[in-house]
Amino acid sequence: VRGAGSRRPGTQWTTGTCPNCGRSDWCRQSDTGAYLCRRAPGPGLLERRDTHGVPYWIHLPKGLKLRNLAPNKSKLKKAESLVLQVVYGAIIQRLSLSAKHRAEWRGRGVSDEVIDRNWLRSWPATSEERQTLAADLYREFGEQMRGVPGWYVRDRKPMLAGGSGWVIPMWDLETERVVALRIRSDSGTGPKYYWLSSKRHGGTSPGIHARLAWPGRGPRRTDTADTVRVTEGEAKSIVLAERTEIPTLSVPGVALWSAALPWLRRLRARKVLLCYDQDRKEKAQIARAYLEAVRGLERHGFTVSTETWGNEETK
Ligand SMILES: [Zn+2]
């Protein structure tokens with residue numbers, strides 16, 4: 001198995017405390033003084049979109065042009081959705097949910113039936129397990145694996161990204177196809193939620209996705225709903241949908257509310273219940289992001305009301 005190819009030299013982006021949102025994961029800083037925030041708009045920041053159409057907010061020092069800061073681009077293309085569906089489907093089939101993770105879900109009031117229905121699994125915790133799975137996938141699917149976010153080549157051997165944590169499969173609008181895997185990390189450091197991606201290894205990334213949790217059963221492609229909740233975090237969306245019997249969409253951050261739009265349209269929703277965490281209200285940047293989300297959704301014709309959720313245990 002050959003390597004993924006060398007990457008072109010470019011600006012070095014590093015992670016440190018983001019001057020805008022104060023968090024140290026996901027946002028990036030460059031040694032030129034430029035920084036980009038993935039979480040929230042802020043004063044003096046320009047809104048831009050990445051190749052997946054996902055917004056980010058960038059600060060450029062005087063005289064610096066965005067095109068001089070373009071991040072390195074991978075030569076690999078993401079596999080088409082049919083391939084992702086088959087490969088991620090095969091991965092989900094091979095994984096199980098550990099006793100520890102099952103207990104964590106149950107602790108959030110999520111029953112075994114809901115766990116099964118949402119295809120919740122545990123990501124292989126050791127690199128040996130990930131290597132074995134990656135090699136099996138390569139034997140089964142061959143070169144197509146190069147375009148699958150999460151799979152990459154390390155020391156000429158197939159490997160899978162990610163570490164110990166819950167896996168939550170993300171469905172597309174047809175509700176039956178897995179298009180990405182979301183992992184909630186067991187580790188106390190680094191981001192709590194992340195996408196299974198091989199971008200850091202020169203491979204492909206899955207983009208961002210919203211996820212629909214339907215109360216009482218799995219979502220169907222013919223479903224419609226007048227009121228739909230939008231919240232941050234996939235686990236919380238599952239918990240809230242079951243507890244309140246309101247279909248609940250998760251977005252990977254409130255600033256990324258537009259990821260919910262295709263779903264809201266497909267469901268023919270008219271009212272959006274925007275749910276945010278109590279602890280987030282105090283942070284000015286996050287509050288601004290919520291305000292932007294309300295305005296943005298209203299601009300798209302939705303009636304928006306907000307609710308707060310103060311329960312830490314659902315995350
Ligand atoms: Zn930030």
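User: How much space lies in the largest cavity?

Analyst: About 60 Å³. Keep in mind that this is a predicted model.

User: And how many cavities of 30 Å³ or more does a search of the whole structure find?

Analyst: Two.

User: How do you look for empty space anyway?

Analyst: A probe the size of a water molecule is rolled over the atoms, and that shows where empty space is left.

User: OK, back to the largest cavity. Which residues line it?

Analyst: The lining is Arg 117, Asn 118, Trp 171, Leu 212, Ala 213, Trp 214, Arg 217, Gly 218, Pro 219, Ile 238 and Glu 242.

User: Which elements give two or more residues to that lining?

Analyst: Strand S12 (211–213) and helix H5 (234–244).

User: How does the lining divide into nonpolar, polar and charged?

Analyst: Six residues are nonpolar, two are polar and three are charged.

User: Which strands does S9 pair with?

Analyst: Strand S6 (residues 121–123) pairs with S9 in the antiparallel sense, over three bridges. Strand S10 (residues 178–185) also pairs with S9 in the antiparallel sense, over seven bridges.

User: What stands opposite Gly 165 in S9?

Analyst: Trp 123 does.

User: And which residue in S10 is the bridge partner of Met 170?

Analyst: Ala 180.

User: Where do side chains point in a strand?

Analyst: In a regular strand they alternate between the two faces of the sheet.

User: Last topic: Ser 197. Where does Ser 197 lie?

Analyst: Ser 197 is in the loop between strand S11 (193–195) and S12.

User: What does Ser 197 touch?

Analyst: Leaving out residues up to four places away in sequence, Ser 197 touches Pro 149, Gly 150, Ala 161, Thr 204, Ser 205 and Pro 206.

User: What about Lys 199?

Analyst: A polar atom of the Ser 197 side chain lies 3.0 Å from the backbone nitrogen of Lys 199.

How values were computed
Residues are numbered from 1 along each chain as its sequence is written. This is a predicted model: local features need pLDDT of at least 70, side-chain atom pairs count only at pLDDT 80 or more; totals for chains, interfaces and linings use all residues. Side-chain values use heavy atoms; hydrogens and water are left out. On a 1 Å grid over the protein atoms alone, a cavity is a set of points where a 1.4 Å probe fits but cannot get out, and a pocket is an open set with protein on both sides within 12 Å along at least five of seven lines; lining residues have an atom within 4 Å of a point. Grid points are joined across faces, edges and corners, and a volume is the space filled by probe spheres set on the points. Helices (H or I, at least four residues) and strands (E, at least two) are DSSP runs, numbered from the N terminus. Ala, Val, Leu, Ile, Met, Phe, Trp, Tyr, Cys and Pro count as nonpolar, Asp, Glu, Lys and Arg as charged, and the others, Gly among them, as polar. A polar contact is a pair of N or O atoms within 3.5 Å; within protein, one must be able to donate a hydrogen and the other to accept it, and residues adjacent in sequence count only if both atoms are side-chain atoms. Contact means heavy atoms within 4.5 Å. Two strands pair if DSSP finds at least two bridges between them.
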